[in-house]
Amino acid sequence: ATGVNGAKFAAEHTQAEWKALFDGDGSAFIKEYSAKYPDAAEFLNGDKFKKFMPHIKDFAVEYASDSGNVPSC
């Protein structure tokens, strides 16, 4: 729904920015990415996203723009 691969996605923010976006219930992440990708808004606001959110956060922080890491996906 976004057309963005994992590496490009993770590089959109620094580690600190990702942590702030996902802080608490992830509402800042949901707000930003629902606006950026309206087609993904339903998923981002649903229960399935809540299940995957910790994994998405871990990936985003691990491969953030300032992490020095590059995912193989």
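Analyst: First, a word on terms: helices (H or I, at least four residues) and strands (E, at least two) are DSSP runs, numbered from the N terminus. On that basis the protein chain has five helices and zero strands, so its elements read α-α-α-α-α from the N terminus on. Keep in mind that this is a predicted model, where local features need pLDDT of at least 70 and side-chain atom pairs count only at pLDDT 80 or more, while totals for chains, interfaces and linings use all residues. Residues are numbered from 1 along each chain as its sequence is written, and side-chain values use heavy atoms, with hydrogens and water left out.

The C-alpha atoms of the protein chain fill a box of roughly 30 × 25 × 20 Å along the principal axes. A compact globule of 73 residues would have a radius of gyration near 11 Å, and the 12 Å of the protein chain agrees with that (taken over C-alpha atoms; the rule is 2.2 Å times the number of residues to the power 0.38). Buried residues make up 33% of the 73, where buried means under 20% relative accessible area, exposed over 50% and partly exposed in between, with a 1.4 Å probe and protein chains only. Counting a contact as heavy atoms within 4.5 Å, 54% of the contacts between residues at least 6 apart in sequence join residues at least 24 apart.

On to the rings. Rings of Phe, Tyr and Trp (its six-membered ring) pair if their centres lie within 6.5 Å; planes under 30 degrees apart count as stacked, over 60 as edge-to-face and the rest as tilted. A search of the whole structure turns up twelve such pairs. Take F9 and F29: their ring centres are 6.2 Å apart and their planes stand at 90°, so this pair is edge-to-face. It ties together distant parts of the chain, with F9 in helix α1 (residues 6–10) and F29 in helix α3 (residues 27–36), 20 residues apart. Both F9 and F29 are buried. For another geometry, look at F59 and Y63, whose ring centres are 4.9 Å apart with planes at 50°, so that pair is tilted. F59 is partly exposed at 25% relative accessible area, and Y63 is partly exposed too, at 22%.

Back to F9 and F29, which belong to one aromatic cluster along with W18, F22, Y33, Y37, F43 and F49. I56 sits in helix α5 and is partly exposed, at 22% relative accessibility. Leaving aside neighbours within four places in sequence, I56 is in contact with F9, F22 and F49. From I56 to F22 the C-alpha atoms are 9.3 Å apart in space, against 34 residues in sequence.

Two other spots bring separate stretches of sequence into view. A16, in helix α2 (residues 15–22), is exposed at 55% relative accessibility, and its C-alpha atom is 8.9 Å from that of A64, 48 residues away along the chain. D66 lies in the segment after α5 (47–62) and is partly exposed at 44%. Not counting residues up to four places away in sequence, D66 touches T14 and Q15.
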